[in-house]
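Colleague: Could you walk me through this one before I set anything up? I'd like to go piece by piece.

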Amino acid sequence: MEKSFKLEIISPVKTVFNGEVSSVTIPGTMGSFQVLMNHAPLVSSFEIGMIKIEKGPEVMEYSTSGGIFEIKNNKAVILAQTIESKEEIDLSRARNSKSRAEMILKMGDVRDDEKSEAKVSLQRANNRIKLAETKK
């Protein structure tokens, strides 16, 4: 593949992707960023959002809950806390998770740590739902 670089995506469960790509877009903590061939060496954390991979005309999208990204010498590695393709997302589970988180956030007598956890859970659920409901 012309103007490509090696990308490997690893989760705690498995290697999700390993191959040549023309670009990858990561949900960085300071905003999304795109990486192309010959990118300067970089190590960055990323947060809940979408990872978009372009492999020639093919585009793949994944929902992630964050992790670490590194690129050096045209070899990129994504270490993701969690990562799911559109096909792997259980939409009804994501909707249930969203409902639970919203219910916790509406309750008045919830500890701060529970509220924080519910906010993150809501973000992850919304992210999964957004990807699962996108048209191909």
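**Strands, rings and a helix**

Modeller: Bearing in mind that this is a predicted model, we can begin with Ile10, which stands opposite Leu79 in strand 9.

Colleague: And how do strand 1 and strand 9 run, and how many bridges join them?

Modeller: Strand 1, covering residues 5-10, runs parallel to strand 9, covering residues 75-80, and the two are joined by 5 bridges.

Colleague: What sheet do they belong to, and what is the strand order?

Modeller: The sheet is an open one of 5 strands, ordered 2-1-9-8-5, and its pairing is mixed. Strand 2 (15-21) and strand 5 (42-46) stand at the edges with a single partner strand each, so one side of each has no neighbour in the sheet. From one strand to the next, the twist averages 10°.

Colleague: Switching to aromatics, how many pairs turn up?

Modeller: The count comes to 1 aromatic pair. The ring centres of Phe33 and Phe69 are 5.8 Å apart and the planes lie at 65°, so with an angle over 60 degrees the pair is classed as edge-to-face.

Colleague: Where do Phe33 and Phe69 lie?

Modeller: Phe33 is in strand 4 (residues 33-36) while Phe69 is in strand 8 (residues 67-72), so the pair ties together parts that are 36 residues apart in sequence.

Colleague: Are Phe33 and Phe69 buried or exposed?

Modeller: Phe33 and Phe69 are both buried.

Colleague: New topic, helix 2: what end-to-end span should its 21 residues give?

Modeller: Helix 2 takes in residues 112-132, and at 1.5 Å a residue its 21 residues should span 30 Å, which agrees with the 30 Å between its end C-alpha atoms.

Colleague: Which of its residues are buried, and what do they pack against?

Modeller: The buried residues of helix 2 are Ala118, Ser121, Leu122, Ala125, Asn127, Arg128, Ile129 and Leu131. They pack against helix 1 (91-106) as well as strand 6 (49-55), strand 7 (58-64) and strand 10 (83-85).

Colleague: Why does Ser121 count as buried?

Modeller: Its relative accessibility is 15%, and the cut-off for buried is under 20%, so Ser121 qualifies.

Colleague: What does Ser121 touch?

Modeller: Leaving aside residues up to four places away in sequence, Ser121 touches Ser97 and Ala101.

Definitions and conventions. Residues numbered from 1 in each chain as written. Predicted model: local features only at pLDDT ≥ 70, side-chain atom pairs only at ≥ 80, totals over all residues. Heavy atoms only, no water. Phe/Tyr/Trp six-rings, centres within 6.5 Å; stacked < 30°, edge-to-face > 60°. Helix = DSSP H or I, 4+ residues; strand = E, 2+ residues; numbered from the N terminus. Buried < 20%, exposed > 50% of the residue type's maximum accessible area, 1.4 Å probe, protein only. Pairing = 2+ DSSP bridges. Axes fitted to C-alpha atoms, helices over the stretch in contact; angles between N-to-C directions. Expected span 1.5 Å × (residues − 1). Contact = heavy atoms within 4.5 Å.
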